[in-house]
Amino acid sequence: MKKFLVLIALAILVTSNITEAKVISNEKIDKAKVETASKIIAGLQKEMKSFTENGSGPFVAAVYDDKGNLVVKVANSVVNEKCSNNHAEMNAIKAAEEKLNTYDLAPYNLKLYVTAEPCIMCVGGIMWSGIKEVYYGVPSKTVEEITGFDEGFKPHWFKEFKKRGITVYGNIEPELGEQELRNYVDNGNEVYKPSR
């Protein structure tokens, strides 16, 4: 029995190290930040279905303050609001700015959590918003493979964000997000993209 418990403990330890090893960042990995982000992003991934049932999605973003309080949580609304700018990140930034009555979120030390890596538009929006930290789930390459959505050209964005004082952590709970994206596509929901 003792051997069995030791084997289970080792399996848990190995699994947690494998999960941590997938996480990427533009700073030295902070385990406490990863742990918090994992809980938040896993929660967002699990809420995806409720958003997609109402015509939103397949992405969700939330903004938190530096004390861990939720400021806003919104989904992508491109299809149901017929506006190509309404990505989850852009909606979250706009909602936070409206709630705080400002165009500059920097003084509030806010963190953005999103179910997938920001696309080229959202990278620009985040940079100009004053958001201090970004945490995302599914990487762009996987989003493109599952949905066919073109994430855009984002050369060295981790490095560029670091130059501007914006911390980025990625690949947090990606498996949950991948499954939600597959469910979205498999259920016949519309994946928006311009005709070329």
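Mentor: What follows is a walk through the cavities and the pocket, then the chain around them.

This is a predicted model, where local features need pLDDT of at least 70, side-chain atom pairs count only at pLDDT 80 or more, and totals for chains, interfaces and linings use all residues. Residues are numbered from 1 along each chain as its sequence is written, and side-chain values use heavy atoms, with hydrogens and water left out.

Start with the method. Rolling a probe the size of a water molecule over the atoms shows where empty space is left. The search runs on a 1 Å grid over the protein atoms alone. A cavity is a set of points where a 1.4 Å probe fits but cannot get out. A pocket is an open set with protein on both sides within 12 Å along at least five of seven lines. Lining residues have an atom within 4 Å of a point. Grid points are joined across faces, edges and corners, and a volume is the space filled by probe spheres set on the points.

The largest cavity holds about 80 Å³ of space. Its lining consists of Phe-59, His-87, Glu-89, Val-114, Thr-115, Ala-116, Glu-117, Pro-118, Cys-119, Phe-149, Glu-151 and Tyr-192. Strand β4 (residues 111–116) gives the largest share of that lining, three residues. Helices (H or I, at least four residues) and strands (E, at least two) are DSSP runs, numbered from the N terminus.

Sort the lining of the largest cavity by class, and there are seven nonpolar, two polar and three charged residues. Here Ala, Val, Leu, Ile, Met, Phe, Trp, Tyr, Cys and Pro count as nonpolar, Asp, Glu, Lys and Arg as charged, and the others, Gly among them, as polar.

The second largest cavity has a volume of about 30 Å³. Pro-58, Phe-59, Thr-147, Phe-149, Tyr-184, Val-191 and Tyr-192 line it. Six of these lining residues are nonpolar, one is polar and none is charged.

The peptide bond from Gly-57 to Pro-58 is cis, with omega near 15°. Pro-58 sits in the loop between α2 (31–52) and β2 (60–64).

Next, the open space. The largest pocket has a volume of about 300 Å³. It is lined by 15 residues, and His-87, Phe-149, Asp-150, Lys-193 and Pro-194 lie nearest its centre. By class, the pocket lining has seven nonpolar, five polar and three charged residues.

Go back to Cys-119, one of the residues lining the largest cavity. Cys-119 is buried, because its relative accessibility is 6%. Buried means under 20% relative accessible area, exposed over 50%, and partly exposed in between (1.4 Å probe, protein chains only). The closest cysteine sulfur to that of Cys-119 is in Cys-122, 3.8 Å away, so the two are too far apart for a bond. A disulfide is a pair of cysteine sulfur atoms within 2.5 Å. The whole structure has zero disulfides. Cys-83 is partly exposed, at 27% relative accessibility.

Val-114 is another lining residue of the largest cavity. Val-74 and Val-114 are 40 residues apart in sequence, yet 9.8 Å apart in space, C-alpha to C-alpha. Val-74 lies in strand β3 (residues 70–75). Leaving out residues up to four places away in sequence, Val-74 touches Val-60, Ala-61, Ala-88, Asn-91 and Ala-92. Contact means heavy atoms within 4.5 Å.

Step back to the whole chain. The protein has eight helices and six strands. Along the sequence, the pattern is α-β-α-β-β-α-α-β-α-β-α-α-β-α. Of its 196 residues, 45% count as buried. Among contacts with a separation of 6 or more, 67% join residues 24 or more positions apart.

His-156 has a positive phi of about 55° although it is not a glycine. His-156 lies in the loop between α6 (140–147) and α7 (157–163). It is exposed, at 55% relative accessibility. Glu-173 also has a positive phi of about 55° and is not a glycine. Glu-173 is in the loop between β6 (167–170) and α8 (174–186). It is partly exposed, with a relative accessible area of 23%.
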